[in-house]
Amino acid sequence: MNILLMLIPVSLLLVLASIAAFVWAVRSDQFEDLDTPALDVLVGDRPAAERPGVD
Amino acid sequence: MTDCKHCGESLAADARGAFCCDGCAAAAEWIRSADLAAYYDLRSQPAPRVQSQLQDLAIWDRTELLAEHAHPIPGGREITLLSDGMRCAACAWLIDRALAREPGVIECSANAVTGRIRLAWDPTHAPLSRILGALIRLGYRPFLASGATQEVERRRTRQRTLIRLGVAALGSMQAMMFAEALYLDVNQTMDLATRDFFRWITLLVSTPVVFYAGWPFLLGAWTELRARRVGMDVLIAGSSLLAWGASSIETLRGGPHVWFDAAVMFVFLLLAARMLEQRARAIGHARIDALARARPAFVQREGSDGSSQAIPLAELQAGDVVRVAAGEVLPADGCLLDTIAQLDETLLTGESRAVERLSGAAVYAGSICRNQPIRVRVDQIGSATRLSQIAQLVERAQSQRPPIARLADRVASYFVAALLLAGIVVACVWSVIDPARALQITLATLVISCPCALALAIPAAISSAHSALAQAGVLALSEHALERLAQITDVVFDKTGTLTESRPVLGRVQTFGGIESAKALNIASALEQGGSHPLAQAFAGTPSTHAASERRLIAGVGVEGLIDGRYWRLGRADFATAGADDGALWLGNGKDATARFEWSESLRRDCATTIAALRARGLAIHLASGDAPARVASVAQRLGIKTSRARQSAEDKLALVRGLQSQGRVVLMVGDGINDAPVLAGADVSVSFAEGAALAHRASDLLLTGASLNGLDAAINIARRTRRVIRQNLGWAIAYNLTALPLAACGLVEPWLAALGMAGSSLLVTLNSLRLLRQPQRSAADEAPAPLVLEHT
């Protein structure tokens, strides 16, 4: 049972880490818009040199 | 090809090319040349129509405006704008890409859900007006959001809610895991030290969930208690604190049982349900937010030299003279400088008929100037205006909820009181029967029968219905719109601009007395300049070189005015030329005819299918129009409408509606245009087009944002489905509570199961409401044939 003494603190650290990651994600606006980024991956940006007619 | 390739509006029969107007063509050309044509594949809704006339954008560069609305960031400034044109994620994508390419833009993020655009730019590199010019070219009009500080506050609140939910989710997951270890120890073989170690760890994990994530409930409970009221939050906070506190004591003294898992699960699931509800409501609100702009952002101030200049409303001062164009809203209280003005004071008095004000009379902010432009000397501004005082009253009224929701609140709060009493009784009885289980059973009773589902049943359904409506292109402006829409039995349509396209097309021009047709057109166009009647739109394509003075609109008949000192009338034959009305538009001086304009109008593309669909729903359809009998009959016949009336004044239409109402029918009025306002106000529910006269919006309960009637059928469907969902929700919530309470009181339910059952019931109600968000099946209107064109000669 002594293994618990290590495993439980480890699990607590993991929870803390995931909460920190979540807070960071929210603070950096990752949840502001859930629809538009889905479109971004469908259409990649071409390199600027290839774009015609952009001023 | 019958639709504009850009905005999807149906094209006039004689349109050249694939676009409805130059604006759309230019936008499409720009999108193509900027290599963003993928937009057309990504979008799920057609683009907004591009307005070709240019706005005065110089206003956006003013330092006062920037100081109030744009806050400095490293390297530039940031502003949050509202736009009413964003309809799906592809719009946001297009705006992001298009603006990011403008020189001077640091960052741009558009959000289609909230209708907001966050724009960071470098003012030394490019003025804001140039960047917004690009936005307008694409058909998205920018409006000022409520101010920088409120915007930042709004985002921060949203983020805090999300973090609370995240903490609750992760924390309760972990607490459940530890609790599971304790539950699995069925034979009590775990040694006491390990058991207590687990308990202490669970206490550690569940404390932030109860107190940080559950803070909104604790705060709500405190507010309710201070107001000497027992509501939902008291019960939620009470139960979770009871479970957590009792468990902590048990942990301390090494008692037989802990219920941390019940406490955390309760908090997490309720938080999730509440967040879903708030989100659904926020979507609906965002759309309305972007459209509800009762006061103008900018006003035309007259300088001492007689020139006029656009300035932000905030800059207006008492003593200034402002010019208000016909159809526009007065920006401030003041005193009329012109000899006579026709004002619509619906917003202030509820009287929808225009009132006449003479020179020197007091006029009020929020009234709408009709017929001719006026000049006003400003006396009171901002919060000192009568409108602001009324607005505060309205805000208070609007924070009240629909009658049915209020009823549910009251029932729920009695229920909570009864429940607390029941809890005490259960506790007393069980402490006699079996003191060891008393606490556990009381807890289960309180938790399982929390009437959260009952409280959620109506708001959740109503808020999802609102966002479903917004998706269908319908905005509900009044709180009882949905309730009444579900009950309607009759629909009364206006014709011009409602069943037919709002832009009639000018046909053959005949002239009399040797005048050239170009000259006649020029004069007619000057008379119709800035007019908001649908027929005026026919002349929008022929710019005029003349300017009409003393223009006056006579509703339902025509328009009169002076051009180069000569008196002109344009309208029905009996008005303009003293001849017999033949349905065409005549130009004359009241006696002699100068020209005759033929015009055609096309039925809205989906109008036949919409009317068929409404009839299939068992609704009686009526047509009441101010137009000539022949035209009305032809439209009625094409659409299969049996009861049609022609040459109806606003009073006639109102009488028709009142007559139907007196027979116990519930009437929906669909209208557009200036002379509809009283009828829209008189009907049980009213619908108008967002592109129609601003006046009609004030009186209507629902607004169709698209150019098609399609949304109408969808809205009725949504209203009826909402009514059904509300009944299901209420039925479920009541049945659940009535079954669960006795079971728990008899000691048959463990606290963790109670938490699961209660939260599951709330989630079920929320999910049932979210069903309303599912897109109704696409109607046959999408494959409708080419528009029917009605020739009027």
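In this predicted model, helix H14 (residues 435–448) of chain B and helix H26 of chain B have axes that come within 8 Å and cross at roughly 5 degrees. Angles under 35 degrees count as roughly parallel, so H14(B) is roughly parallel to H26(B). On the H14(B) side, the meeting residues are B:Gln440, B:Leu443, B:Ala444, B:Val447 and B:Ile448; their partners in H26(B) are B:Pro751, B:Ala754, B:Ala755, B:Gly757 and B:Met758. Sorted by class, this contact has eight nonpolar and two polar residues, with no charged ones.

H26(B) itself covers residues 751–770.

Helix H8 (residues 215–226) and helix H9 (residues 232–253), both of chain B, pack with their axes 8 Å apart and at an angle of about 125 degrees. The two helices are therefore oblique to each other, and H8(B) passes H9(B) in a left-handed crossing. H8(B) brings B:Phe217, B:Leu218, B:Gly220, B:Ala221, B:Glu224 and B:Leu225 to the contact, while H9(B) brings B:Asp233, B:Val234, B:Ile236, B:Ala237, B:Gly238 and B:Ser240. Seven of the residues in this contact are nonpolar, three are polar and two are charged.

Turning to the place where the chains meet, the contact takes 24 residues from chain B and 25 residues from chain A. Helix H2 (38–42), helix H4 (89–100), strand S3 (105–111), helix H6 (148–184) and helix H7 (192–213) of chain B each supply at least two residues of the side that touches chain A. H6(B) gives the most, with seven residues. This side of chain B holds 14 nonpolar, seven polar and three charged residues.

H4(B) deserves a visit of its own. Its twelve residues should span 16 Å at 1.5 Å a residue, which agrees with the 17 Å between its end C-alpha atoms. Eleven of the twelve are buried, so H4(B) is largely enclosed by the rest of the structure. Among the buried residues are B:Trp93, B:Leu94 and B:Ile95, along with B:Asp96 and B:Arg97. The buried residues of H4(B) pack against helix H2 (36–40) of chain A, and also against H2, S3, strand S4 (116–121) and helix H5 (128–137) of chain B.

Definitions and conventions: Residues numbered from 1 in each chain as written. Chains lettered and ligands numbered in written order. Predicted model: local features only at pLDDT ≥ 70, side-chain atom pairs only at ≥ 80, totals over all residues. Axes fitted to C-alpha atoms, helices over the stretch in contact; angles between N-to-C directions. Helix = DSSP H or I, 4+ residues; strand = E, 2+ residues; numbered from the N terminus. Parallel < 35°, antiparallel > 145°, perpendicular 65-115°, else oblique. Left-handed = near helix turned anticlockwise from the far one by under 90°. Contact = placed C-beta atoms within 7 Å. Nonpolar A, V, L, I, M, F, W, Y, C, P; charged D, E, K, R; others polar. Expected span 1.5 Å × (residues − 1). Buried ≥ 20, exposed ≤ 12 C-beta atoms within 10 Å, placed from the backbone.
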